[in-house]
Amino acid sequence: MSNADERIVLCMKWGTKYGPEYVDRLYGMVRRHLRGDFRFVCLTDDASGVRAEVQCLPLPTMELAPGADRGWPKLTTFKTDLHGLQGRALFLDLDIVVVGPLDDFFELPGEFFIIKDWKRPWRVTGNSSVYRFRIGAHADVLQRFVDHQAEVRKRYRNEQEYLSHALHEQGRLAYWPRGWCCSFKYHCLPRWPLNHWRVSAMPPDTRIVVFHGEINPPDAIRGGRTARGRFLLPSPWVAEQWTA
């Protein structure tokens, strides 16, 4: 396999919100659900405690204006030279749970894939918890943000809104098939009052469960009441899947 065909799984870890155990578990889930060879790369400002199978590389730098949303650094994955990496990259947020096969995420024909918004499916904006691209192919999207940061941030609420619209304008945007990626919040949690006696459950054919909002995998495993008062029972299936 040439470098241009290499499969790379990318994640990012910066700050203190997520510890190395998130990276270790993500690698373990990918290894169980992705056949064949791949390289697992974590772009981080602190590689301490991360398992040896993960290649930790420095977090790419990008000057951000004060008050910028924490998701904007994801755009640095589109650098022309990302530490010399080449090939197809599947970016995964740290707070996801992989529950099904990942091979198709690399094999689906197309230039750029992102999750279709669940709550407002009529919008162009996708969810960037899972996206795929060829390294170096979209450097212009990053450069446009760098050159016009104030204008971009005024027009777009966050990085995934900007990214989706920029690639949509170029005719390069596509969405993962419906059902591959589901939301724990919208698709797994029973509605009130069923949440008081029914455990969360995945929809059929789910491959990746995305945790967004206030509930992360450890919260789903423990159960209890969230900061906003929502109650959920412990989810044994999350504990079974979210392992290193």
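Student: What makes Arg 207 a charge over the face of Trp 180?

Tutor: Arg 207 lies 4.3 Å from the ring centre of Trp 180. The rule asks for NZ of Lys or CZ of Arg within 6 Å of the ring centre and within 35 degrees of the ring normal, so Arg 207 counts as lying over that face. Lys 116 does likewise over Tyr 175, at 4.2 Å from the ring centre. Bear in mind that this is a predicted model, where local features need pLDDT of at least 70, side-chain atom pairs count only at pLDDT 80 or more, and totals for chains, interfaces and linings use all residues. Residues are numbered from 1 along each chain as its sequence is written, and side-chain values use heavy atoms, leaving out hydrogens and water.

Student: How many aromatic pairs are there, and why is the pair of Trp 72 and Tyr 162 called tilted?

Tutor: The structure holds 20 aromatic pairs. For Trp 72 and Tyr 162, the centres are 6.3 Å apart and the planes at 45°. Rings of Phe, Tyr and Trp (its six-membered ring) pair if their centres lie within 6.5 Å; planes under 30 degrees apart are stacked, over 60 edge-to-face and the rest tilted. So this pair is tilted.

Student: And what makes Phe 91 and Tyr 131 stacked?

Tutor: Their planes are at 10° and their centres 4.8 Å apart, so they're stacked. Both belong to one aromatic cluster, along with Phe 78, Phe 112 and Phe 133.

Student: How do you know whether Phe 91 is buried or exposed?

Tutor: Buried means under 20% relative accessible area, exposed over 50%, partly exposed in between (1.4 Å probe, protein chains only). Phe 91 has 2%, so it's buried. Tyr 131, at 0%, is buried too.
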